[in-house]
Amino acid sequence: MNKIIYLVVLILLASCKTKKEEPVAVTKPNILFVVVDDLGYADLSVMGSKYYETSNIDAIAKSGNIFTNGYATCAVCSPSRASLLNGQFTARHGLTQFDGAPSSQEWKKKNRHTKLLPPEYKHHLDQDDVTLPEVLKENGYATFFAGKWHLGSEADKSLPTNHGFDINQGGYERGGPYSGGYFSPFNNPQMEDYEDEKGMSFSMKLAKETSKFIEKNKDTTFLAYLSFYAVHSPIQTTKEKWKKYRDKAEQMGVADKGFEMERILPARKYQDNPVYAGLIEQVDDAVGSVLQTLKKNGLDKNTIVVFTSDNGGVTSGDNFSTNQLELRGGKGYQWEGGLRVPYFIYVPWMEQNGGLIETPVSGADLYPTLLDLANIPLKPEEHADGVSLKPLLNGGEIAERPLYWHYPHYGNQGGEPVSIIRKGNWKLIHYWEDEHQELYNLRADVGEQNNQFDENRTLALAMKEELMNWLKEMDTHYASEDLEWDKEARRKRLENHRTKLMPRLEKHRKEMLSKDWQPNDDWWGSDIKN
């Protein structure tokens, strides 16, 4: 009998040791929604960069799912930010350009000498839109916003608090850190500066305010929407981080020439900008601090974490900051470098472990996905272009559908008036200047170097028809012909980009990578000793 009891005890002990504790599904989870401004698909180490260091953001990706075909709904900020909140493509919600950009005759005054004049567009998030935070708030969530808004002003009655957020820290109509830069004091009209924060990075300030909200609401259910101003221009970092990445660039090998001409503007060829790398690390530090707040308060097991960007990284224009490795173009461009973005979803009770999901998805899908994960009924009449990705997170599939983009404007980074459809592996770009198309098989040619239109004309024309029918259904707006277009002035402007702008960029790049480079005495306010 004793031998039998002994064997039973051994078996029970063995089963206790080998039994794995299964994560418990949460019926009403918290949500941390992180958006980094202008962060490119390849601007993270987990996404292939050997230059940028992003261990905290990488941890989200490695714990959750990585959507390798995750897209912003526009190649510039305001339109895609609207889509994150209302679940609609840009042609439907009407905010097709970044807020503040000129249109029609006002655009002409900028002397870009473009063939078309961009149309008027909505300048703020529509009051009639029922947004993600509004639905969550109706279902008992405390809602918080920190950072870049760029979807309207107080005069428009279109601040975060007008669209479902209980608290707004730092969000207003400006699209960059223009009130005070990336180091405290920030002089932001929607956020208070404190003396003991002098020299603190903007990203860490936003993280600090987010953490305060989380700790105050740890016993309820919350949405914390952390929308960094970084890594938007003007890019800035500390002397220490600049030196770290200047030295790293040197160790990796600095090419003699750092730029090449794209269709309109010069484009950065390599990831070797030490200021930009330092700014990315500042964001990563800030993300890490918020994740630590979740863990410290025992919230890491019941908080969904979403991480994404509003458009591709800045390869041309602004500060010409980065390169998207195998992807062509960057922010503003119609190619993958402008549209494809980091896109991670971590659900603590799911077995994800950094699994790759290749299904094409967009920012419009996050609204219904989060409702579904929070066990809140979907509102397809509101998030009309988004679908729940919960089946994909559970290892299943969703129905194949086309993704659409409509950008009838010119971008500051070289983008042209286009409409786009992606269906399966195929992507068709329709150019409104001359009505020509580009067709790419993204599985075979993710760098979009080989236009397959002539070889697959039947497919291309069918996709074009589907795109045009959808645009007609959306009743959207288009660019119009400039009857006074000066073709020769346009040619001269583009030639100046090659002969004058590119040499200036090369000179600045070499200066920034030199050992004695310094932007100003106090490194943009980060060195408080000065």
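**Strand E14 and the spaces around it**

His-406 has Ser-419, a residue of strand E15, as its bridge partner. The model is a predicted one, in which local features need pLDDT of at least 70 and side-chain atom pairs count only at pLDDT 80 or more, while totals for chains, interfaces and linings use all residues. Residues are numbered from 1 along each chain as its sequence is written, and side-chain values use heavy atoms, with hydrogens and water left out.

E14 covers residues 403-407 and runs antiparallel to E15, residues 418-423, with five bridges joining the two. Two strands pair if DSSP finds at least two bridges between them. Strands (E, at least two residues) and helices (H or I, at least four) are DSSP runs, numbered from the N terminus. Five of the five residues of E14 are buried, where buried means under 20% relative accessible area, exposed means over 50%, and partly exposed lies in between (1.4 Å probe, protein chains only). Leu-403, Trp-405 and Tyr-407 are on one side of E14, Tyr-404 and His-406 are on the other, and both faces are covered.

The whole structure holds three cavities of 30 Å³ or more. On a 1 Å grid over the protein atoms alone, a cavity is a set of points where a 1.4 Å probe fits but cannot get out, whereas a pocket is an open set with protein on both sides within 12 Å along at least five of seven lines; lining residues have an atom within 4 Å of a point. Grid points are joined across faces, edges and corners, and a volume is the space filled by probe spheres set on the points.

E14 gives the most to its lining, with three residues, and E14 and E15 each supply at least two. Among the lining residues are Trp-405, His-406, Tyr-407, Val-418 and Ile-420, along with Cys-74, Ala-75 and Tyr-333. By type, the lining has eight nonpolar residues, three polar and one charged. Here Ala, Val, Leu, Ile, Met, Phe, Trp, Tyr, Cys and Pro count as nonpolar, Asp, Glu, Lys and Arg as charged, and the others, Gly among them, as polar.

Asn-311 lies in the loop between strand E10 (303-309) and helix H10 (336-339). Asn-311 counts as buried because its relative accessibility is 0%. Leaving aside neighbours within four places in sequence, its contacts (heavy atoms within 4.5 Å) include Cys-74, Ala-75, Cys-77 and Lys-331. A polar atom of the Asn-311 side chain lies 3.2 Å from the backbone nitrogen of Cys-77. Glu-262, in the loop between strands E8 (259-261) and E9 (266-268), counts as buried because its relative accessibility is 17%. Not counting residues up to four places away in sequence, Glu-262 touches Ala-267, Arg-328, Tyr-333 and Trp-335.

The second largest cavity has a volume of about 40 Å³. Its lining includes Tyr-71, Ser-80, Leu-84, Thr-308 and Asp-310. Helix H3 (77-86) and E10 are the elements that give two or more residues to this lining.

The largest pocket has a volume of about 560 Å³. It is lined by 24 residues, of which Asn-69, Glu-358, Thr-359, Arg-422 and Arg-443 are the closest to its centre. Its lining comprises 11 nonpolar, five polar and eight charged residues.

Key. Polar contact = N/O pair within 3.5 Å; in protein donor to acceptor, adjacent residues only side chain to side chain.
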